[in-house]
Amino acid sequence: MATTKQYEPNMVLSTEEFDVVGSRPIRHDGADKVTGRALYGADFDAAGLLHGKILRSPHAHARIKSIDTSKAEALPGVRAVVTYQDFPKDGASEDVQWQRDNILAGGKALYRGHAIAAVAAANPHLAEEAVGLIDVDYEVLPSTVTVL
């Protein structure tokens, strides 16, 4: 029968001193962090920086009948609204066509969350509001659940 060694509470297992383990390093930025003076990456706001938001399909498989971006484009502070129609269609190969369809959905949304349109605006709140103003008319199609 194997026996296990019993340790008493507060028993010192090692007398070796370490430089880092068990030490209390000086935190030069500690006061700034606890008082709120420290600046983080999210606190930085570059002048003229645009914020983007993507409108995604709520359907797993749907034909896109129409996209109306006029309300989003009219919103003050919105710099651009992009859909599949804004991509050049210069007789591209199937590979380029597939890549274009995967960036923004063309004639069909192929999966739930497929990007439909993109908005660039002066701040993230405007971008989100503009995405909500884009009107997409879908014809929901049956989902493909097998590869056969």
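Asp29 is partly exposed, at a relative accessible area of 36%; here buried means under 20%, exposed over 50%, and partly exposed in between, using a 1.4 Å probe on protein chains only. Asp29 pairs with Lys33 in a salt bridge whose closest N and O atoms are 3.1 Å apart. Keep in mind that this is a predicted model, where local features need pLDDT of at least 70, side-chain atom pairs count only at pLDDT 80 or more, and totals for chains, interfaces and linings use all residues. Numbering starts from 1 along each chain as its sequence is written, and side-chain values use heavy atoms, with hydrogens and water left out.

**Salt bridges**

- The count comes to three salt bridges, each defined as a side-chain nitrogen of Lys or Arg within 4 Å of a carboxyl oxygen of Asp or Glu.
- Lys33, the partner of Asp29, is partly exposed as well, with a relative accessible area of 45%.
- Asp32 meets Arg37 at 2.9 Å, N to O; Asp32 is partly exposed at 30%, while Arg37 counts as exposed at 56%.
- Glu139 and Arg63 form a salt bridge too, with their closest N and O atoms 3.4 Å apart.
- That pair links distant parts of the chain, with Glu139 in strand S6 and Arg63 in strand S2, 76 residues apart.
- Glu139 is partly exposed at 33%, and Arg63 is partly exposed at 34%.

**The sheet**

- Helices (H or I, at least four residues) and strands (E, at least two) are DSSP runs, numbered from the N terminus, and two strands pair if DSSP finds at least two bridges between them.
- Three strands make an open sheet in the order S4-S2-S6, with antiparallel pairing; S4 and S6 are the edge strands, each pairing on one side only.
- S2 (residues 62-68) is joined to S4 (residues 108-109) by two bridges: Ala62 stands opposite Ala109, and Arg63 has Lys108 as its bridge partner.
- Six bridges tie S2 to S6 (residues 135-140), and Ile67 has Val136 as its partner there.

**The nonpolar core**

- A nonpolar core is a set of buried Ala, Val, Leu, Ile, Met, Phe, Trp, Tyr and Cys residues joined through side-chain atoms within 4.5 Å.
- The largest one has 20 residues, and those touching the most other members are Leu55, Val78, Ile116, Val119, Ile134 and Val136.
- S2, S3 (78-83), S5 (115-121), helix H4 (124-133) and S6 each supply at least two residues of this core.
- Leaving aside neighbours within four places in sequence, Val119 is in contact (heavy atoms within 4.5 Å) with residues including His51, Val78, Val81, Ala127 and Ile134.
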